[in-house]
Amino acid sequence: MAESPADLSAALLMTPVPTADWLVVLPPAWCILAGAVLLMLRKSLHLQAWLAVPALAILVVLDGLLLRHVLANGPVTMVMGRWLPPFGIAFTADLAGVLFALAGAVVALAGAVYALADIDGSARRYGFYPFLLLLMAGVSGAFLTGDVFNLYVWFEVLLIASFGLITLGSEPRQIDGAIKYAFLNLIATTLFLVTTGYLYGIFGTLNMADIAVKAAAGRDSLPLMTLATLYLLAFGMKAAAFPVNFWLPASYHTPRIVVAALFAGLLTKVGIYALLRTLIMLFPVEREELSFVIALAGTATMIVGALGALGNSDIRRVLGYVVISGIGVMLAGLSLGSPGGVGGAIFYALHSMVVMTALYMAAGLVGRLAGSFDLNRLGGLYGRSALFSALSLVLFFAASGLPPFSGFWPKVMVAKAALDIGAWWLVAAVFLTGFLVTIALGRVFALAYWRPAPEPLPATAIPASLLLPLAVLMALTVAFGLFPEALLSTIQAAAQGLSDPSAYIGSVFPGGT
Amino acid sequence: MMEFPFALLVGLFFAAAVYLMLSKFLVRVLLGVVLLGNGVNLLIFTNGRILREVPPIIPHGHDVPVALTANPLPQALILTAIVISFSFFAFLLVLVYRAYQDLGTDNGNEMRASEPENDPLPPTGY
């Protein structure tokens, strides 16, 4: 309208977005685009893999570039449709989000390569690769969005893609596992939506930076404890924290092994990320109030996971419980809330993404070589392939938290942060868990690898595409175990950015609020 | 003060949903999930505050609404949530039917295909 006098610059972005800032939305946008193309090419089964692997390699590059951009310039924000926050949906990439997104992309790339040999014709026909790309769209979006309702939408994107992946094959076991996985995860995301509805009712905004500002200003008069507690329950359920963890051991051993590997690497960590984002950045004071509850839940999660790992004979179920015990360590870090604790939680989550994916891949190779996942029947793998056994042993040590691998440093960080406030029992739980998981995984090695084979193993060849991702992920855990300094300083900066979100807020509201 | 009866209604939805989800039978659990989803939609609607019969339309020649209008944002949120919860309902319906076909039961207590009751313990020695 010609006569329009209003100053639109209060609500709309009037300048073009700098080219480098487009990187913020590219990871999810690229995944959706690639997923859509793969969906259209669903009949060309051979083409799919050769498109999906480069697409995910590009995703790794995009996340890597974004990390470089954020390291150089601090948090970066891009708004959708030129609507300025808090009106429009903002994507804000800060260090914590980008680190998670990059680790997720690496894991997904490794999974796609592993799937070249592991996912056969029928599972490809059911759309493994499109689902994988859409899963990554949800995961990347969840890590990079700066809007709570948008976070919910990405959760649902990754959830529906994961439903597609978990039912690939449609065996009765898978259907059974999928039922439990689907119902409980849907209830958890609905709880998340309930909380988000209340959050909107209280603040009148859904932008995280805006919420952080308004929560800090109106802490005394707003019912924030309710929100923090509900978020803890909803995201704790997504992260498989005790006592809402029972969907994980019921379902993670049923799908194709590469699907289980991707789930173990990605899904529970999205829950941990959301817990960090809400409880550390938005509601730090309320988290302080809840810290004893979170510490108790974390301790129980660690112990339950370790005992479950000791009590199961299917190695895939053992690994499912190892995932849970790792979640306990991250919750312990979250409960402390200090920079060391939060940094330890972030580090452990990144470590767990890489190592748990690799461990499931190793379990897949065990099943392929020995034809079984049952510790009562396995044996003789060391004689079959010494190289694979060595790779597995490193991963077992890394998952147990033994030095010099990447699981050691985050446990030290969490333990030190706990000692600083005199929470000796939390330290004891962390070390007891490490001890028990070492026994559980050491027993897997002793029985499945060292024990002579009950019957001679068939001479199955190990395809390079199965060994390569395993070796790369193992190399990552060794590298970050031996040379943790660079990653440590980045993670400390990420934890700092969550605890003190002024840079994040400044990036969303450049002109001040 | 239209919010109060709506809040009661949301509570009723949630209570019915929780009651249904506590059932052993998957179809009832599924209905509980659907009720929960609808309860949440109503909750978001109520949280946006209820103002009647004033559509959020800006008159010609103005840049901002002239009077207090209904809040359009909760409706956008609910629309998103409806689409999502409906698609999940459709998926779960198929999954439950498939489970009934393959596992021969819709009783959650009898679904032990992925976690058999007599799973052997790991060996204690070589």
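Helices here are DSSP runs of H or I with at least four residues, numbered from the N terminus. This is a predicted model, in which local features need pLDDT of at least 70, side-chain atom pairs count only at pLDDT 80 or more, and totals for chains, interfaces and linings use all residues. Residues are numbered from 1 along each chain as its sequence is written, and chains are lettered from A and ligands numbered from 1 in the order in which they are written.

Start with two helices of chain A. Helix α6 spans residues 148-166, and helix α7 spans residues 172-203. They pack at an angle of about 175°, with axes 10 Å apart. Axes are lines fitted to C-alpha atoms over the stretch in contact, and angles run from 0 to 180 degrees between N-to-C directions. α6(A) and α7(A) are therefore roughly antiparallel (an angle over 145 degrees).

Next, the loop between these helices. S170(A) lies there. Its phi is near 55°, a positive value in a residue other than glycine. S170(A) is partly exposed, with 13 other C-beta atoms within 10 Å. Partly exposed falls between buried (20 or more such atoms) and exposed (12 or fewer), with C-beta atoms placed from the backbone.

Now move to the loop between α9 and α10 of chain A, where A240(A) sits. A240(A) also is not a glycine, yet has a positive phi of about 65°. A240(A) is buried, with 28 other C-beta atoms within 10 Å. P243(A) lies in the loop between α9 (224-238) and α10 (247-251). The peptide bond from F242(A) to P243(A) is cis, with omega near 0°.

Finally, P404(A) is in the loop between α16 (386-400) and α17 (408-420) of chain A. The bond from P403(A) to P404(A) is cis, with omega near 5°.

Definitions and conventions:
Parallel < 35°, antiparallel > 145°, perpendicular 65-115°, else oblique.
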